[in-house]
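Me: Hi! Could you walk me through some of the strands in this one?
Reply: Happy to, let's have a look.

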Amino acid sequence: MTTKNEGQWALDQREPLNHNEQFKAQDDGLNVRRRIEEVYSKQGFASIHPDDLRGRMRWWGLYTQRRQGISGGRTASMEPEELDDEFFMLRIRCDGGALSTEQLRVIAQISTEFGRDTADITDRQNIQLHWVRVEDVPEIWRRLEAVGLSTTEACGDCPRVVLGSPVAGVSSAEVLDATPAIDEISRRYIGDPTVSNLPRKFKTAISWLPDTAPEINDVSFVGVVHPELGPGFDLLVGGGLSTNPKLAVRLGSFVTLEQVPDVWYGVVQLFRDYGYRRLRHRARIKFLVSDWGPEKFRDVLQREFLGFDLPDGPPAPVDETPLDHIGIHKQVDGNAYIGFAPVVGRVSGTILSQVADAAERAGGGRVRLTPHQKLLVLDVPPEQIQPLVAEMKTVGLEANPSRWRRSTMACTGLEFCKLAIVDTKQRAIDLVAELDARLEHLDLDVPIAIHLNGCPNSCARIQTADIGLKGQIVTTADGEQVEGFQVHLGGGLGLDAGFGRKLRAHKVTSAELGDYVERLATNFAQQRTDGERFAEWVGRADEEHLR
């Protein structure tokens, strides 16, 4: 029997290569840094080789951004060089979402000096800047690295930022702080050429609390207490969204805190050697896990990459709703952490500088980013809570946000992204304002999460939102082509883990979005039973009430 050629290195399937595999084979993505520093930053944008520009520079957190003025309807019909602007998005890596106020202030200064005061908090606990010139990148790196930050492998076919609980080490609900494992992975393996050439991007979540979307990461470690071995982690693999969404599956194994870095490295190596490299759209680890199943995956992991067997373990507990940590919460030391909500992660260098100043005045010095595009200030003494809340409100960050501000997320969208078809950030900001005005008195005690995405790739996790909106061009009744969204309803994580219900041929124009969400939320409020969550209602509602 002949094994199908999926491009698996472990089976010596190294030909044929798609273009991405070709340029990675020719030169590791990590090596482009030297060319950026010695050639491109001195000779300018026009000197950058195409494989570096649209390939290897991602290993250092750099993507070309969309040229201004190109409509979403032209996205698929233009060549990459036509879409490229001569500026970059720069993604700053913040493993575990952890930042000091000193680090935050440096990011703020870089934003205002080199990025036209742009900054977005992403749902991967990064900060993204825009309008960055290649000439300024070496100086930006110098400033970031002087305070312990980097852009290493913030993008590319490599291990990207490791998600961690933003309240690790301070939450009373936490039994085991996973921060040492995240720090050890970062120290050992980020920038390590043994795992810098993977079939596709690799996303990780490590947290005692289930607050890092563990169901949709390539590998996740979630806190659990073993009946004999005590606290440790449940191991999940193979989650991911985009055009072929899959939830991660349990391997049924128990991992101690000390074992997490080695087990993580074993999973990454397995993906490197057995992952599918021939076809780009099948190269994420979720496809390998789906084909193999958890039993085979665990067996190969233990035999070929760990050299020892992991004990069986119980599943991690599941919260009713994902934790976003917004508001005022008591820490284990008697101080407080406070979660603040910008609208869909949109901030600026100016705002981040003010946050750093306010957090220092409140006595903390530690800031955390969340996987929900939010920001936390830790270590706030009781007497400083209200002054900090009031000061942050003056810069647009709410500790007691409206339902819609709290639960709406959006990807970068048409403003900067070359893949996008519609505007998302500004449309989401406007939508939140519309819903705050229209639905101020709606009687609801549960969140309704709205996620807007500019294309099918689901960077904003549309399939796991209560209301997921996938950007596309929509034809109106008058035959006009306008920006709009395909609707996914009733997706979720936690108890509602699953993908949204797509209504046949149901699309909403961007202009109609406020009317549609108002109608949907009103129907839910009128029809729900006691304690019923939005996803549960969607599962039983008549289609006419969902349109």
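**Strands and sheets**

Me: What order do the strands take in the open sheet of five?
Reply: The order is 16-17-18-19-20, and the pairing is mixed. Keep in mind that this is a predicted model.

Me: Which strands are at the edges?
Reply: Strand 16 (408–410) and strand 20 (501–509), each of which pairs on one side only.

Me: And what does the twist average from one strand to the next?
Reply: The average is 25°.

Me: How do strands 18 and 19 pair, parallel or antiparallel?
Reply: Antiparallel, with nine bridges between strand 18 (residues 467–475) and strand 19 (residues 481–489). Leu-469 sits opposite Val-487 of strand 19.

Me: Switching to strand 12: why is it largely enclosed by the rest of the structure?
Reply: Because five of the five residues in strand 12 (residues 336–340) are buried. Buried here means under 20% relative accessible area.

Me: Nice. Which residues point which way there?
Reply: Ala-336, Ile-338 and Phe-340 point one way, while Tyr-337 and Gly-339 point the other way; all are buried.

Me: What does strand 12 pair with?
Reply: Strand 11 (residues 327–330) runs antiparallel to strand 12, joined by four bridges, and Ile-328 has Ile-338 as its bridge partner. Strand 15 (residues 375–380) is also antiparallel to strand 12, again through four bridges. There, Ala-336 is partnered with Val-380.

Me: How many residues lie between strands 11 and 12 in the hairpin?
Reply: Five, and Gly-334 in that turn has a positive phi of about 95°.

Key:
Residues numbered from 1 in each chain as written. Predicted model: local features only at pLDDT ≥ 70, side-chain atom pairs only at ≥ 80, totals over all residues. Heavy atoms only, no water. Pairing = 2+ DSSP bridges. Helix = DSSP H or I, 4+ residues; strand = E, 2+ residues; numbered from the N terminus. Axes fitted to C-alpha atoms, helices over the stretch in contact; angles between N-to-C directions. Buried < 20%, exposed > 50% of the residue type's maximum accessible area, 1.4 Å probe, protein only.
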